[in-house]
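Q: Can you walk me through this model? I'll ask as I go.

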Amino acid sequence: MIELSETAYKLNALGVASLEGRGMNGLTDQAVVKRVIGGELDAFSVLVDRYQNRIYSVALNYVPNRDDAVDVVQDTFVKAYTKLRTFDSSSAFYTWLYRIAVNTAIDFIRKRKARPADSLDDDKYTDSGFEPISKDPSVDPERVAVVTEQKQALRSAIGLLSEKLRTAMILHDVEGLSQEEVAEVLRVPVGTVKSRVSRARAELRYLLSKQLGEAL
Amino acid sequence: MNCEKAGRLISEYVDDTLCASLRRELENHIAECSVCMSILESTKRLIGRLSSLSNSEAQVDCWAGVRERIVWGQVGVPWWRRSLLKPVFAAPAFAIAALLAFLFFWSGQTPEKPTQVVFGGSEYASYISAHSRYQRVQAFNDPDVPIITAELEKASLTRE
């Protein structure tokens, strides 16, 4: 029996034709995984479409270069496809995918031997494609410049954190995952996540106060 | 509660994961301590800025690239089967297989039946002369030598 999402049940209750004939967008992640394991390669596109933007967002916190981030996203999904048979369906697919994404991004950085902190003058931080410029005439350009500088300082400081603290902070404070979700992604106790996030925040406050020369 | 303990609890207070009693205790301390109040406010601002780093608006379309890598990269195929299709392994393997096939068919050919030697002919003379002292070991092991010797003796008797 194929599991359907809540949306699919509602649509069926309204008499809408079964989603089976209209595609797999209403299926749960576990149901799609079953289909992919059964040999339907194109079913994997459903999972890619669902999570590629979130994985891309995570990747951009590790590799600010867009092309590199796309490479990380593709590597993540290819690895996920390879290891799909090892996925434990009792856990959430996206936390499993996040774990692969984080490890892939870290491996990518190690291979590229990227410096942990980049200069604020680095071109990739001033790339207009990375920081979209507002065309709204009511937006104060000076204010935008200040915010941009603060973001650059923040990213630079995050890059100075240790790998464990940086990952916990990115997943919890930047990407918005709960402490329980971060614990599941990193396979550590919730208390460890709390501790890492707390230490990361304290270190960031200290680093930013030194960089910006002002209390945060 | 002192400032050291308060400093450790501020992060959890902002995340609203403190139990009720600790939260009250911390709030009472912060109300009277400007340093801890400053740390609390800066932590809240920091978390707000961190959340703004999220690239939630960033969009990408990776399926085509992922699919191509899965299909043409033979993802999911055992490593040994992938290796067989690589030229660096396939070419030598083919060469070895061709050599083995050649040797098999060549060794399987039946040897030509030796033609009957006309005794006394120059062929034997040259054969015997070829068995010089440098080749006596080979002649000693040559299975034709007894036949040749017997023929020689027979010929010598016949001439007589």
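Q: In what order do the elements of chain A run from the N terminus?
A: The pattern is α-α-α-α-α-α-α-α-α-α; that is 10 helices and zero strands. Helices (H or I, at least four residues) and strands (E, at least two) are DSSP runs, numbered from the N terminus. This is a predicted model, where local features need pLDDT of at least 70 and side-chain atom pairs count only at pLDDT 80 or more, while totals for chains, interfaces and linings use all residues. Residues are numbered from 1 along each chain as its sequence is written, chains are lettered from A and ligands numbered from 1 in the order in which they are written, and side-chain values use heavy atoms, with hydrogens and water left out.

Q: And chain B, how many helices and strands?
A: Nine helices and zero strands.

Q: Is Thr76(A) buried or exposed?
A: Thr76(A) is buried, at a relative accessible area of 0%. Its place is in helix H4 (residues 66-82) of chain A.

Q: Which residues does Thr76(A) touch?
A: Leaving aside residues up to four places away in sequence, Thr76(A) touches Ile55(A), Leu97(A), Ile100(A), Ala101(A) and Thr104(A). Contact means heavy atoms within 4.5 Å.

Q: Switching to the interface. How many residues of each chain are in contact?
A: 32 residues of chain B contact 38 residues of chain A. The area buried between the two chains is about 3300 Å², with 60% from carbon and sulfur atoms. Buried area here is the accessible area (1.4 Å probe) that two parts lose on being put together, summed over both.

Q: How many salt bridges are there between the chains?
A: Four between chain B and chain A. A salt bridge is a side-chain nitrogen of Lys or Arg within 4 Å of a carboxyl oxygen of Asp or Glu.

Q: Which helices of chain B supply at least two residues to that side?
A: Helix H1 (3-14), helix H3 (34-52) and helix H4 (63-72) of chain B each do. H3(B) gives the most, with 10 residues.

Q: Which residue does Asp75(A) meet in a salt bridge?
A: Arg69(B), at 2.7 Å, N to O. Asp75(A) lies in helix H4 of chain A and Arg69(B) in helix H4 of chain B, so the pair joins two chains. Arg69(B) is partly exposed, at 33% relative accessible area.

Q: What about Asp15(B), which partner does it form a salt bridge with?
A: Arg201(A), with the closest N and O atoms 2.9 Å apart. Asp15(B) lies in the loop between H1 and helix H2 (20-32) of chain B, and Arg201(A) in helix H10 (residues 190-212) of chain A, so this pair joins two chains. Asp15(B) is partly exposed at 21% relative accessibility, whereas Arg201(A) counts as buried at 1%.

Q: Which residues are joined with Asp107(A) in one salt-bridge network?
A: Arg110(A) and Glu163(A), through salt bridges that share partners. For Arg110(A) and Asp107(A), the closest N and O atoms are 3.9 Å apart. The two are three residues apart in helix H5 (residues 93-112) of chain A, so about one helical turn separates them.

How values were computed:
Buried < 20%, exposed > 50% of the residue type's maximum accessible area, 1.4 Å probe, protein only.
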